[in-house]
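Welcome, and thanks for taking a look at this one with us. Here is a short briefing to read alongside the structure.

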Amino acid sequence: MSDYLSGLNDIQYKAVTHINGPLLVIAGPGSGKTRVLTYRIAHLVKTGIPPWEILALTFTNKAAREMKERIAGVVGDKANQIWAGTFHSIFARILRSEAEKIGFPSNFSIYDASDAKSAITAIIKAQGLDPKVYAANKVYSRISMAKNQLVSPQAYATDPDRIMQDKSAKMPYVYKIYDLYVKKCAQSGAMDFDDLLYQMHRLLDLNPDNVVEKYRKKFKYVLVDEFQDTNSLQYGIIQLLVNYPGSPRNICVVGDDAQSIYAFRGATIQNILDFERDYPELVVYKLEQNYRSTNYIVQAANDVIAYNSKQIRKKIFTDKGTGEQIKVMRAVTDKEEARLVAESIVEMKNRLHLKNEDFAILYRVNAQSRVFEEALKNKRLAYKVYGGMSFYERKEVKDTLSYLRTIINPKDEEALARIVNYPTRGIGDTSLTKLRNAAAERGLGLWEALKAAPQLGVGGRAGRSMVEFVAMIETFQRWAKDDDAYELAKRVVRMTGINDQLKKDKTAEGKARVDNVQELLDGIKSFVEEDEVDELLDDVLDKSLTSYLQNIALITDFDNDANENDRVKLMSVHAAKGLEFPAVFIVGLEENLFPSTMALKAKDSRSATDEERRLFYVAITRAEQYLTLSYASSRYRFGKMQYNNSSRFLEEISPSCLALAQPMGNRATVSGVKRYQNSRPMANSGRQLRKSELPKIKDFRPSPVQKLLPGVKVMHERFGKGKIIAVDGGDKKVATILFGERIGEKRIMLKYAKLMIID
Ligand SMILES: Nc1ncnc2c1ncn2[C@@H]1O[C@H](COP(=O)(O)OP(=O)(O)OP(=O)(O)O)[C@@H](O)[C@H]1O
Ligand SMILES: [Mg+2]
């Protein structure tokens with residue numbers, strides 16, 4: 001057996017080395033499904049399959065990155081050439097190069113949920129509908145559902161079921177809003193998150209210029225993690241890529257029906273059944289050993305899932321030892337619950353020598369995070385909240401990004417509308433409405449209208465400001481041709497007055513806003529400074545603003561976390577899927593919270609509660625060694641005090657697995673519990689140099705590009721000393737540089753590289 005395959009059991013090995021034809025691995029949590037995918041990709045590359053022919057679809061960008069890192073441990077830099085990412089990020093990338101074939105500009109904007117909702121709100125208002133009845137949230141989710149079921153606005157309008165449902169929800173005009181929204185997006189050159197799937201499907205399905213051929217030829221190996229949560233649209237796209245006459249049908253999917261937690265988003269375990277139907281020659285492997293959790297945890301998970309009648313039965317065992325019993329903590333209020341959790345973390349850190357980062361607090365809804373944040377702060381425990389109000393949703397960050405988006409695509413009306421009068425420049429609502437009306441009569445978008453403000457009858461100060469605003473944006477657009485994203489963003493922050501405006505506010509919040517904009521600039525800077533060449537694009541890595549904006553539009557919160565390490569992790573159970581932590585707290589285990597009121601009151605309450613139970617199952621199985629379950633008998637929700645019973649799920653676990661938590665300090669120290677050891681199989685490839693090997697930043701002065709010629713010795717900020725071997729490329733010069741042993745040869749784009757000539 002080759003060395004790199006030694007960390008696999010027999011069945012995993014069989015799955016990994018199964019190269020041709022369809023493969024399904026269906027197995028419980030912690031059984032190594034993701035590991036099988038990772039090793040399988042490494043194995044494919046090792047056997048000589050070009051990495052760019054491999055498409056791996058993961059659940060989060062973080063998962064994709066971790067996968068690549070581990071694969072790099074086996075096959076080196078080739079790992080970067082694998083197409084691994086989320087459905088959304090991979091499709092965005094493909095759409096970027098093919099968009100024009102389906103009527104979108106290649107620099108299309110990506111609308112996040114809040115952009116999409118504000119576009120929808122604008123339509124609702126313009127149609128004279130009542131925004132209280134037509135709540136943007138609800139309308140957006142109806143539209144989203146339609147897109148995910150491949151229902152076009154035309155099909156929607158003539159679908160009696162949908163029309164009925166909308167009527168009974170007192171929103172009979174959703175079909176109309178849907179139609180206008182799609183038109184508005186097309187006019188704005190924008191796609192929302194659902195479009196990244198919907199338009200991708202449309203692209204392959206309509207097949208302009210035989211584009212489908214190209215991607216079928218390209219992606220000879222397709223792999224999907226967390227297959228149970230793939231919805232029918234995503235499955236449809238996979239089908240278009242893999243299932244066609246003459247296809248090698250090299251598709252490998254891994255999943256667990258018991259962890260399906262996105263039924264509300266249209267993913268059902270139907271896709272597993274469809275897969276068996278569509279690929280009858282399928283080879284199926286089941287994995288039975290859990291490598292993640294101790295026995296009490298595995299047992300509790302098995303107990304709980306047994307209450308769901310419809311799951312595929314699986315045997316699961318672990319040899320991680322019995323472990324500690326699962327602790328149950330009861331509190332009177334949510335505040336007390338949070339305090340107990342924080343105290344418990346302090347106690348466990350001491351007793352078990354754990355670090356902050358070993359702990360995760362998992363909750364049913366994001367709003368629960370706040371009390372835990374406060375309690376952790378009180379105990380001086382560093383933490384990080386994933387999801388909820390993310391960095392990129394903050395106003396000042398969105399405003400700044402809106403400038404950048406407008407520069408790239410001024411037709412992007414959501415972005416443009418945010419900044420046309422921010423910072424205030426005398427373009428009031430009245431003149432803006434006047435302008436919009438005049439524009440609407442002539443069928444012009446906002447941008448065209450701003451350009452022609454005086455001709456459209458908007459004069460005076462407002463009209464002048466509009467013209468000046470357009471001129472400013474156009475100046476930025478000219479600079480954007482030469483500047484990298486960072487240079488440009490810096491100028492934008494300075495010249496638009498955003499910075500001055502924010503600095504006027506001397507309060508703590510005001511200061512935090514200034515810091516956030518700075519943080520954004522720092523992020524852009526580090527994006528630009530990744531100066532390696534991406535071989536897979538057969539081109540230099542694009543540092544333009546367009547490529548930056550695409551990157552961040554797709555960022556999940558995890559991506560912000562690259563370097564902040566030792567922190568307690570707070571996240572919803574949904575966000576924890578696929579992850580594992582030494583010590584887990586599942587909090588708020590109360591009726592009407594977990595399971596949620598929505599599930600308990602649902603029309604089909606049985607299946608909705610089953611889904612909540614799968615969610616609880618996912619939560620339990622994140623824990624490696626220590627699991628604590630907590631609940632509070634009262635809590636404030638929606639401004640009211642609620643009294644709830646403890647969750648039914650607690651009663652579904654055998655009492656022998658549970659221990660009622662004892663008051664702090666009484667507990668004897670448990671000896672012989674080994675500190676958690678991180679035993680990741682493939683270590684990082686060790687690309688970063690130690691600090692001491694790097695040049696001191698203050699001495700670092702990049703040399704001019706003309707002087708960077710073959711034979712010259714250079715110093716690179718991250719890679720240390722190296723020698724230029726060759727320089728090629730036309731206007732985008734790329735150097736091949738040989739660095740020290742640990743780094744090796746790199747292709748680096750000179751325009752952005754920070755290289756200093758030495759001796
Ligand atoms: N054969 C093995 N030997 C040692 N450790 C293993 C083996 N297989 C898997 N593991 C480890 O067990 C843990 C769980 O594996 P992995 O995350 O791949 O499981 P999974 O089936 O994808 O779980 P989930 O359903 O939660 O996504 C990981 O830490 C992994 O490295
Ligand atoms: Mg997994």
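Val224 stands opposite Val253 of β7. Please keep in mind that this is a predicted model.

**β6 and its partners**

- On the β7 side, β6 and strand β7 (residues 251–255) run parallel and are joined by three bridges.
- Strand β2 (residues 54–58) also pairs with β6 in the parallel sense, here over four bridges.
- Within that pairing, Ile54 has Tyr221 of β6 as its bridge partner.
- A right-handed β-α-β unit is made by β6, helix α12 (residues 232–242) and β7.

**Burial of β6**

- Which residues cover the two faces of strand β6 (residues 221–224)? Tyr221 and Leu223 lie on one side, Val222 and Val224 lie on the other, and all of them are buried.

**The surroundings of ligand 1**

- Ligand 1 is surrounded by 20 residues, and the closest are Gly32, Lys33, Thr34, Arg35 and Tyr291.
- By residue class, the shell around ligand 1 holds five nonpolar, 10 polar and five charged residues.
- Helix α2 (residues 33–46) supplies the largest share of this shell, three residues.
- Why does ligand 1 lie between domain 1 and domain 3? Domain 1 (10–100 + 197–287) and domain 3 (317–390 + 562–660) both give residues to the shell, so ligand 1 lies between them.

Terms used. Residues numbered from 1 in each chain as written. Chains lettered and ligands numbered in written order. Predicted model: local features only at pLDDT ≥ 70, side-chain atom pairs only at ≥ 80, totals over all residues. Near = placed C-beta within 6 Å. Nonpolar A, V, L, I, M, F, W, Y, C, P; charged D, E, K, R; others polar. Domains from an automatic or database assignment. Buried ≥ 20, exposed ≤ 12 C-beta atoms within 10 Å, placed from the backbone. Pairing = 2+ DSSP bridges. Right-handed = clockwise from strand over helix to strand, strands pointing away.
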